[in-house]
Amino acid sequence: MIRNYFKIAWRSLRKSKIYSFINIAGLSIGMTVSILIGLWIYDEVSFNKNFKNHDRIAQVVQNVTNNGEVQTWTSVPYPLADELRKNYGSDFKHIAMAYYVAEHLLALDEKKLKKEGGYFEKDAPALFSLKMVRGTNRLDDPSSLLLSESAAKAYFGNADPINKLMKIDNQMNVKVTGVFKDLPRNSVYANLSFMATWEMVYNNTQWIRTMEDPWRPNAFTLFVQLNDNTDFAAVSAKIKDAKLKKVSEQLAKKKPELFLHPMSNWHLRSEFRNGVNVGGAIKYVWMFGIIGVFVLLLACINFMNLSTARSEKRAKEVGIRKTMGSFRKQLIIQFFSESFLTVLFSFVLSVLFVQLLLPFFNSVADKEMSILWANPYFWTISSIFIIITALVAGSYPAFYLSSFRPVKVLKGTFKAGRFAALPRKALVVVQFTVSVILIIGTIIVYEQIQFAKNRPVGYSRQGLVNLPLTPEIHKHFDAIKTELTGSGAIASIAQAGSPTTSTWSSSSGFSWKGKDPDLSIDFSNVGVSYDYGKTIGWQIKEGRDFSRDFATDTSAVILNEAAVNFMQLKNPVGETISWWGTPLTVVGVIHNMVMNSPYDEPRPTVFNLSIDEQSITLAKINPSSNIKDAVAKIETVFKKFEKDQLFDFQFADDEYAKKFQDEERIGKLAGFFAILAIAISCLGLFGLSSFVAAQRTKEIGVRKVLGASVLGVWNLLSKDFIALVFISFLIAAPVAWYMMNNWLQNYTYRITISWEIFLLAGVLAIAIALITVSFQSIKAAVANPVESLRTE
């Protein structure tokens, strides 16, 4: 019997090739979107699941009160690790402090490469359950170095790297003691190339080793693994005041409260507002999950609409089957078997499409996903996916078509009725409502990104390049400046504590006249050299720049507008502020510079003239020079004074562009899915318009014989569909506004949603629908009426 069901289903598909093609094409596109989104969601929710004890690992973070608000910091002072071991050790299986700086110069003799890595305490390899390929995972020896498998391959090829000597940043000699398997792309420290010891960085970094108050700088990351008899909430409550008990009276004003942030939340729930976790990337998991469901629903709607639209053609078949003794239950199974067969073909096609699209999708999503062929869960979920899709797509046609009464059908008196088309129209409205919402959402994401990109940044990024700053470069800085400016390669050059696209240091030690003694603050702090302002082209609002003409400028500062406003200084130039008790004179005020997130308000920032403590070189390429030639000249001069340093540079424009990567990625994905959703909706609209045109062939012939024009016939066949799309727009507009307005609340610096966006989306939707239905409408309108009336 089952074989018979599928045989008839196959014949039905072959008999109606056009409608079968539309159904299979629509469903395969919908299922392709759903599978791609499913793979993306799986990759997101499985983030960090590769670590053996991921459900027991956490990062120690802190809530602090700064500038009148509660902020969440993921960095802590390094003595905290020993404090937890000493007084709370019974709650932890592993405790590991880390100092992670993204890129280092890692050298094997003359082979020097930039590699990502950090310095960890000895518990880190066990805490992160590193899978060793060679050697040991122990970091007991201060000179130990663990290499990733790919890094070992890059340096040693197939040779054994164990006990080989290497050098970090031209100053730290280390010995390879182990090689670990590369961490997966969807994990913390995915690009980790090496682990060196905490003792190595402590012994070789002067500012860490000699700091006056080691509890003051929050520059380190602390990981812990809980014992089996504890939980995150209980331990968080215990360690809450562990830092507060140790800090100075000044730092205690920040009211630091420690808590554990579980590894399971690091990726998807990493955002905090006023000290409370408010989610994070999880919102995109929900968003794309909902998009996947709705896009698949659009494809199912196509199947429902085309199946029920052809009800009169299937009515006689139903009538004969019922007369011959078929029960309604058997007919329902028959129609479901057609649905199942269509979905099965669609799934096979969709898997092929997914395999072809994955390289493109991975590049857009910045992932390394693949179809999980060997995973039994994939096939189990796929089977359930096929069954549910077949049930959803086939439910309405099965119950609707099987309900026909055989007496009416066989007498020839069966008609679909005046209101039979209402469910189909409603489903078309649902289809285009979803499509219009996706169109509006994509436009708003694009507008928000462009709005932030076009925001005045307060300095000139054009030709601004970040260059390395080593002790040798700093020592010969004047000679480098003279040679490069004399060659015409650069217009100016300076040193700074951080690039213009981020701030690497902050301080709570500033005070000023009228400051509330109980107010805890945290201002960004950037040490700069002479010519910094000239090099980056910052904009002086009041006062002047740092100058060699004023010897007192070594005790001077320049404030940004945000700092002036926070301090409530009416006449800031000439005012005296203090920094950890040292008086400093304000000589200038600059317009706010966008140094951190382009979506947030600028932080209060203090620039001080610092001669010796810098981290980076900034150069302004001469506008009249060829950029490629200028960079080559800079490299030649830098290598003249620093032979051992790998020359590396970044343009400020490129670094600033990286700030938009997440939003651009979301926008591209949303746009990609919106295009596919519209394609599915248009397929369905095309199928319905084809059916309506075929159904009204004789009517159109009569109208043309009576003098109807091509334009009149086109209008007759198109207006109903355009009306449905317009209704869809009226429903979609407020829903899209509500959803996207909520999304925009995540950004301080954001657009106001304008009516032009909705007008553009509406015009696009109607134009696309008009083009889709016009093909069949015009084809029917220009047909010879003699052909359609010949049988009458």
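**Cavities, strand pairing and aromatic contacts in the predicted model**

The structure holds three cavities of 30 Å³ or more, a cavity being, on a 1 Å grid over the protein atoms alone, a set of points where a 1.4 Å probe fits but cannot get out, whereas a pocket is an open set with protein on both sides within 12 Å along at least five of seven lines. Grid points are joined across faces, edges and corners, and a volume is the space filled by probe spheres set on the points. The model is a predicted one, in which local features need pLDDT of at least 70 and side-chain atom pairs count only at pLDDT 80 or more, while totals for chains, interfaces and linings use all residues. Residues are numbered from 1 along each chain as its sequence is written, and side-chain values use heavy atoms, with hydrogens and water left out.

The largest share of the lining, seven residues, comes from H10, and the lining as a whole divides into 17 nonpolar residues, four polar and one charged.

Helix H10 (residues 282-309) also contains Val 285. Val 285 counts as buried at 8% relative accessibility, buried meaning under 20% relative accessible area, exposed over 50% and partly exposed in between (1.4 Å probe, protein chains only). When residues up to four places away in sequence are not counted, Val 285 touches Trp 40, Ile 41, Glu 44, Val 45 and Leu 268, with contact taken as heavy atoms within 4.5 Å. Although Val 285 and Val 45 are 240 residues apart along the chain, their C-alpha atoms are separated by 8.4 Å.

Strand E6 (residues 144-148) is largely enclosed by the rest of the structure, because five of its five residues are buried. In a regular strand the side chains alternate between the two faces of the sheet. In E6, Ser 144, Leu 146 and Ser 148 point one way and Leu 145 and Leu 147 the other way, all of them buried. Two strands pair if DSSP finds at least two bridges between them, and E6 pairs in the parallel sense with strand E8 (residues 172-180) over five bridges, whereas three bridges join E6 to strand E9 (residues 194-197) in an antiparallel arrangement. Leu 147 has Val 179 as its bridge partner in E8 and Phe 194 as its bridge partner in E9.

Further pairing involves strand E22 (residues 582-590), which is joined in the antiparallel sense to strand E19 (residues 540-543) over three bridges, with Ile 540 opposite Ile 590. Strand E20 (residues 556-560) pairs with E22 in the parallel sense over five bridges, and Val 557 stands opposite Val 586. Strand E21 (residues 576-579) and E22 pair in the antiparallel sense over four bridges, among whose partners are Trp 579 and Thr 582. E21 and E22 form a hairpin with two residues between them, and Trp 580 in the turn has a positive phi of about 50°.

Rings of Phe, Tyr and Trp (its six-membered ring) pair if their centres lie within 6.5 Å, planes under 30 degrees apart counting as stacked, over 60 as edge-to-face and the rest as tilted. By this rule the count comes to 38 aromatic pairs. Trp 512 and Phe 523 form a stacked pair, at 5.9 Å centre to centre and 15° between the planes. Trp 512 lies in the loop between strand E17 (510-511) and strand E18 (523-528) and Phe 523 in strand E18, so the pair ties together parts that are 11 residues apart in sequence. Trp 512 is buried, with a relative accessible area of 10%, and Phe 523 is likewise buried, at 0% relative accessibility. Tyr 599 and Phe 660 form an edge-to-face pair, at 5.9 Å centre to centre and 75° between the planes.

Note on methods: 1 Å grid on protein atoms, 1.4 Å probe; cavity = no way out; pocket = protein on both sides within 12 Å on 5 of 7 lines; lining within 4 Å. Nonpolar A, V, L, I, M, F, W, Y, C, P; charged D, E, K, R; others polar.
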